[in-house]
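Please look over the sequence and the model below before reading on. This briefing goes from the overall fold to a few local details.

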Amino acid sequence: MSGDVPFGFGSGDRDPDETNSGSGSGNSGSNPMGFGTGGTGDFDISNLGAALSQIGAMLQAGGTGETSGPVNWDLATDSARKQLVANGDPSVDSSMTAAVTDAVTLADLWLDQATEFPATTAVALAWSRSEWLTATLPAWQQIIEPIASSLEQTMSTLMP
């Protein structure tokens, strides 16, 4: 029982997908922008330029249909999907789904005693990375669009 911690509970500094038993310093393969996090000299300035170029391309208008506006959502989605393919997108099996359901049930029990908020009535979902992307994209669009519009307006006033 000592090593059998429920899904989602445990040390937050460990990536369960990472097979490297090293010190946990940044690995540019697991970082979506390719930046190192460990201070071990794994930062590459060329990655910064590529990331800024990609962000600039995503902020360029020119999409069609629902992608028109300050963010090119087709490009953003395509970039995210490429990153998912590059890093692997394992399917969620029934045991993982059961573990998520158990963890949410346990959290509801703990929180019910500690808070006045009612327990959730939503069904616990376990998604693969690509399923998460598809399911959460509309929420990201609602969050990012106003920020990108404001940024676009600000940048247009600064440019001659």
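The points that follow are grouped by topic and describe a predicted model. The protein has 4 helices and 0 strands, and read along the sequence these give the pattern α-α-α-α.

**The whole protein**

- Of the 160 residues in the protein, 14% count as buried, while the accessible surface amounts to about 11700 Å², with 59% of that area belonging to carbon and sulfur atoms.
- Among contacts in the protein with a separation of 6 or more, 54% are made by residues 24 or more positions apart.

- Helix 4 covers residues 129–158, and although a straight helix of 30 residues would span 44 Å at 1.5 Å a residue, the end C-alpha atoms of helix 4 are only 38 Å apart.

- Side chains of opposite charge can pair when their charged atoms come close.
- The count for this model is 1 salt bridge, in which the side chains of K82 and D78 meet at 3.3 Å, N to O.
- K82 and D78 are separated by about one helical turn, because they lie 4 residues apart in helix 2, which covers residues 73–87.
- K82 counts as exposed because its relative accessibility is 56%, above the 50% cut-off, whereas D78, at 35% relative accessibility, counts as partly exposed.

Terms used
Residues numbered from 1 in each chain as written. Predicted model: local features only at pLDDT ≥ 70, side-chain atom pairs only at ≥ 80, totals over all residues. Heavy atoms only, no water. Helix = DSSP H or I, 4+ residues; strand = E, 2+ residues; numbered from the N terminus. Expected span 1.5 Å × (residues − 1). Salt bridge = Lys/Arg side-chain N within 4 Å of Asp/Glu carboxyl O. Buried < 20%, exposed > 50% of the residue type's maximum accessible area, 1.4 Å probe, protein only. Contact = heavy atoms within 4.5 Å. Areas by Shrake-Rupley, 256 points an atom, 1.4 Å probe, with all protein chains shown as cover.
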